[in-house]
Structures are given as C-alpha cells and as structure tokens.
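Subject: Structure handover

Hello,

Here is the structure I said I would pass on.

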Amino acid sequence: MAQIKCVCISTQRKTSAKNIHQCQAASDGLAGDIHQGWGERQVSMLPMDCVQDYFSTQGNPIEYGHFGENLVIDGLDWETLSEGQLLSAGTVKLQIIRIGAGGPKSDAYHGKKVCAPMEGFFVFCKILQGGTLQEGMEIVKEDRK
C-alpha cells in the first residue's frame, strides 16, 4: 500500500515547504500554497526512499518539505509512473503532468539549488477532483482505460 508521509505547502516562492499534515486540494491547487492558481503543476511529489536516502547520507533527520515538495509518498512504484497517469487519495484525483524537475526556475532557492538532488524524482500533478489530503492516507494508481 502506498501512503502519503507528509503534506507540505510553501507560502513564499523559492523556499522550502512546511509540513502542515493535511490540506484542502481544489481545482486550482493546494489551499495556502504559493503555487495555488499558477497553472497545472499544482502538486509536487517525491518518493520516500529517495528523501530518506538523501538525509541518511547527510547524517541528518528527514526534513519534510526541504526540497519544496508538497507530498512525500512511501510505497508507490515510481518506475511505473508515466505522464497522464491518474492517482487517487481519498476523494482527491490527480493526473501526472510532468516527471522530473529542473531548468533555470529551480535555481533560485536562496542562492543554491535546493531541489537539485531530487530533480529527477519529482512528479508534478494537476488536481482533477478536490478533497482533503493528509498524512497516512493511501494513494493508489488508477488503471488506465
């Protein structure tokens, strides 16, 4: 079973996100997140194993939201995800619109590229149906039709 480990938002551009544990998701994004209303990349996700490996290598405890991610997901097979794939968590329906981050916009996290270690693992989603996202919720890949 894949599970949401944290729910984070940023209130300022180009800063790490803060774990708020649960959040309302709507068609324009996550409530209170700086990216709400800014296009299709409304939710960013990272795999738990990559986040865990990064902090373990650094010898530090995990800091959810450090890379600006909205969700850290444990147990989802990242290798089988593809653009267009649908995911659901409770009543929330997400559609993957981009896999991988990067480019010049990811450079300006207080003068250093904070998200750089995770760029290849980021998955960006558009919210198709709203509801509440919260820690501990199951998240599942929906079968393609």
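Two terms are needed before the helix can be described: a contact means heavy atoms within 4.5 Å, and an angle between two elements runs from 0 to 180 degrees between the N-to-C directions of axes fitted to C-alpha atoms. Please also keep in mind that this is a predicted model.

With those terms, helix α1, residues 48–58, lies across β1, β5 and β6 and runs at about 65° to β5. Its buried residues are M48, C50, V51 and F55, and they pack against β1, β5 and β6. After α1 comes G59, which has a positive phi, near 75°.

The overall layout

The protein has one helix and 11 strands. Along the sequence the order is β-β-β-β-β-α-β-β-β-β-β-β. Of the 145 residues, 41% are buried. Counting contacts between residues at least 6 apart in sequence, 71% join residues at least 24 apart. The protein exposes about 7,400 Å², and carbon and sulfur atoms supply 47% of that area.

The sheet

Strands of a sheet pair through backbone hydrogen bonds, either parallel or antiparallel. Here, eight strands make an open sheet with mixed pairing, in the order β2-β1-β6-β5-β9-β8-β7-β11. Its edge strands are β2 (18–19) and β11 (140–141), each of which pairs on one side only.

β1 pairs with β6 in the antiparallel sense over four bridges; I4 has I73 of β6 as its bridge partner, and V7 has L71 of β6. β1 also pairs with β2, again in the antiparallel sense, over two bridges. There, I9 stands opposite K18 of β2.

The cores

Which residues touch the most other members of the largest nonpolar core? They are I4, M45, I73, L87, L133 and I139, in a core of 25 residues. Strands that each supply at least two residues of this core include β1 (3–9), β5 (43–47), β6 (71–74) and β7 (86–89). A second, separate core has 13 residues, among them A17, V51, V72 and F124.

Leaving aside neighbours within four places in sequence, L87 is in contact with residues including M45, L76, L81, V92, I96, C125 and I139.

The aromatic rings

The structure holds four aromatic pairs. One of them is Y54 with F55, an edge-to-face pair at 5.1 Å centre to centre, with 90° between the planes. Is each of these two residues buried or partly exposed? A residue counts as buried under 20% relative accessible area. Y54 has 23%, so Y54 is partly exposed; F55 has 3%, so F55 is buried.

Y54 also pairs edge-to-face with F67, at 5.0 Å centre to centre and 80° between the planes. Y54 lies in helix α1 and F67 in the loop between α1 and β6, so this pair ties together parts that are 13 residues apart in sequence. F67 is at 1% relative accessibility and therefore counts as buried. Together, Y54, F55 and F67 form one aromatic cluster.

Regards

How values were computed
Residues are numbered from 1 along each chain as its sequence is written. This is a predicted model: local features need pLDDT of at least 70, side-chain atom pairs count only at pLDDT 80 or more; totals for chains, interfaces and linings use all residues. Side-chain values use heavy atoms; hydrogens and water are left out. Buried means under 20% relative accessible area, exposed over 50%, partly exposed in between (1.4 Å probe, protein chains only). Accessible areas come from the Shrake-Rupley method with a 1.4 Å probe; for residues, only the protein chains shown count as cover. A nonpolar core is a set of buried Ala, Val, Leu, Ile, Met, Phe, Trp, Tyr and Cys residues joined through side-chain atoms within 4.5 Å. Two strands pair if DSSP finds at least two bridges between them. Rings of Phe, Tyr and Trp (its six-membered ring) pair if their centres lie within 6.5 Å; planes under 30 degrees apart count as stacked, over 60 as edge-to-face and the rest as tilted.
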